[in-house]
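Let's take a walk through this structure together. Have the sequence and the 3D view ready, and follow along.

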Amino acid sequence: MRSFGGWLHDSWEMVLRNLIHIKRTPELLLDVTLSPIMFVLLFNFVFGGAIGGIVGAQGGEEQDYINYMMAGIFVQTIAFAGIYTSVLLANDLQKGMIDRFRSLPMSQSAVLTGRTLTDLLRAMLAIAIMWIVGMLVGFRPEGGIAGNAAAIGLMLLFGFALSWVGVAAGALVRTPEALQGIIFAVVFPLTFVSSAFVPTGSMPDWLAWFADRQPMTLVMNEVRDLTLGIDIYSAELSATLWCVGILAVAFPLGLWLYNRRTTQ
Amino acid sequence: MIEAVGLHKSFGDTHALAGLDFDVAEGKILGMLGPNGAGKTTAVRVLTTLTRPDSGSATVAGIDVLRHPDRVRSQIGVAGQYAALDELLTGRENLGMIGRLYRLDAATARRRADELLERFELNDAADRTVKTYSGGMRRRLDLGAALMAQPPVVFLDEPTTGLDPKGRLAMWDLIGGLARGGTTVLMTTQYLEEADRLADDIVVIDRGRAIARGTALELKQQVAGERLEITISDSEYLGAAARVLEALGEGHAHVDTETRHASIAVSSHDGVLTRAIRELDAAGVNVDDIGFRRPTLDEVFLALTGRPAEEAESLEEVKA
Ligand SMILES: Nc1ncnc2c1ncn2[C@@H]1O[C@H](COP(=O)(O)OP(=O)(O)OP(=O)(O)O)[C@@H](O)[C@H]1O
Ligand SMILES: [Mg+2]
């Protein structure tokens, strides 16, 4: 194993490489810029009027819908951006560059940490953009500096954990196209069977049972409490524990699968 | 400097390596010659830590490839059969990044990249993304990447495939220069001429095994000795020419009416040429061309594998 300093140096080198990629193909940023903006605007203006009343009635205190749904959109966007790591990694694995890296005296895991750290930056960009657009159309996060900072920290932790899930998926599935399909089929429903856009109380019991217990709901509820300065959902530690748990499994699994994939 | 012992590697039912042994001394060029699918690339990948063999062992610069791959990596430069470059980075950015990953400091990496871009005539394209490079430019940049850290051992998998004749000559110069500077080189090739010209030693591999080893000269002698070959102006005289040759050399003369060639195995040069011309003249044979000829490596290859090397090359064309 290489020294920690070497690993840091190489990871930074990989982040720089990914940033140059983004500079040369800005489309790589669409999923963390344009799509969250669209989501904020669409859900607020198209559904806001219809859903707003329901949310107010079931969520306790009367809230503008935008204040309810922002947490859902934050977490949904971050989940997709994190999982999207798999597509970017699978792309890399199809090209010869990985062979080059493997023949260099560098820290091999830096290829992956560089990837997930870049995605952390992408997540920060996504949060900043959604925050601003949200505030322009009525989002009022009154949770104070500490609450909002904690919410952002939790979202980044969640995104980072899902990036490692993405690493594992990218190393396991052969083609980027197949991954796109899997993401759509698995992650998309998961983001909706949650408290993202409507409280789970309006769902059939069996669905609500699942929605209430899945990590995305827990993270959304915690983000909602923290940004709004309320304590309705009291997800408390369970959201953070889920993130740490996912990371604790996905990190070694991702490294192992990547190693197995690249050493034939 | 490089040593492989009993390497085995199978992909499903394909035995890519089936007990491959060879070694390369320090500062020497070993040419690895073999048809498509012989196992050349697999051998290079095993030695460069990219592929784990099923069994066998290998050392590079005295370091065990299987036990300390990370230490081997700091001693080698690799230019694989397909260029391993980042398409979205410029040539300069590629070399700079690779240099820093070899743990050169930023200034050294930059200077070294400039040097190599100059040497490989990539100056004009240095700040364009690799995506826009031609095949030959990619190959040259890839070789530059292999040389960034001036490693003592360099692996080149078909370094001249896809280069034009000028580029090929330049590449030959460069590889020769590396060895003169003390670098140990393992290069694979499909071109017999290339191995003949560059390599100190040649190992011929077929179906994952080394089937012959030696200098180009030794390999040629292993197959057959030298021949005296003549071309005459009138094929009617071939019979007479053959009788003269048989008196000079050993065994039977080969005669080809179509090309008006006749040849005979000879064991020494001593006065043979003058006697041949004099006696052929006396027999009334007009000689157009005369000379000694060693078997080409193509013939060596054919004799060793039972298949002509061209078969391999034409397969390559089908693939391309
Ligand atoms: N990753 C792989 N999966 C399956 N089979 C493989 C793999 N790599 C190599 N092979 C097989 O192993 C054999 C040797 O391949 P290798 O690439 O080493 O040949 P080569 O001598 O480099 O050929 P070429 O001149 O065409 O480059 C071939 O039959 C090839 O199909
Ligand atoms: Mg090959």
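How much area is buried between chain A and chain B? About 2,600 Å², and carbon and sulfur atoms give 56% of that. Buried area here is the accessible area (1.4 Å probe) that two parts lose on being put together, summed over both.

A quick word on the ground rules. This is a predicted model, where local features need pLDDT of at least 70 and side-chain atom pairs count only at pLDDT 80 or more, while totals for chains, interfaces and linings use all residues. Residues are numbered from 1 along each chain as its sequence is written, chains are lettered from A and ligands numbered from 1 in the order in which they are written, and side-chain values use heavy atoms, with hydrogens and water left out.

Back to the interface. There, 27 residues of chain A are in contact (heavy atoms within 4.5 Å) with 30 residues of chain B. The rule also finds 6 salt bridges across it (a side-chain nitrogen of Lys or Arg within 4 Å of a carboxyl oxygen of Asp or Glu). To see a salt bridge between the two chains, look at the side chains of Glu13(A) and Arg100(B), at 2.7 Å from N to O. On chain A's side, the elements giving two or more residues are helix 1 (4–24) and helix 5 (97–102). Helix 1 of chain A has the largest share, with 9 residues.

Now turn to chain B, which has an open sheet of 4 strands in the order 2-1-4-5, with antiparallel pairing. Strand 2 (14–24) and strand 5 (63–64) of chain B are at the edges with a single partner strand each, so one side of each has no neighbour in the sheet. Helices (H or I, at least four residues) and strands (E, at least two) are DSSP runs, numbered from the N terminus, and two strands pair if DSSP finds at least two bridges between them. What holds such strands together? Strands of a sheet pair through backbone hydrogen bonds, either parallel or antiparallel.

Along the way, Ala4(B) sits opposite Ala58(B), and Val5(B) sits opposite Ser57(B). On to strand 5 of chain B: strand 4 pairs with it over 2 bridges, and Thr59(B) has Asp64(B) as its bridge partner. These two strands form a hairpin with 2 residues between them, and Ala61(B) in the turn has a positive phi of about 50 degrees.
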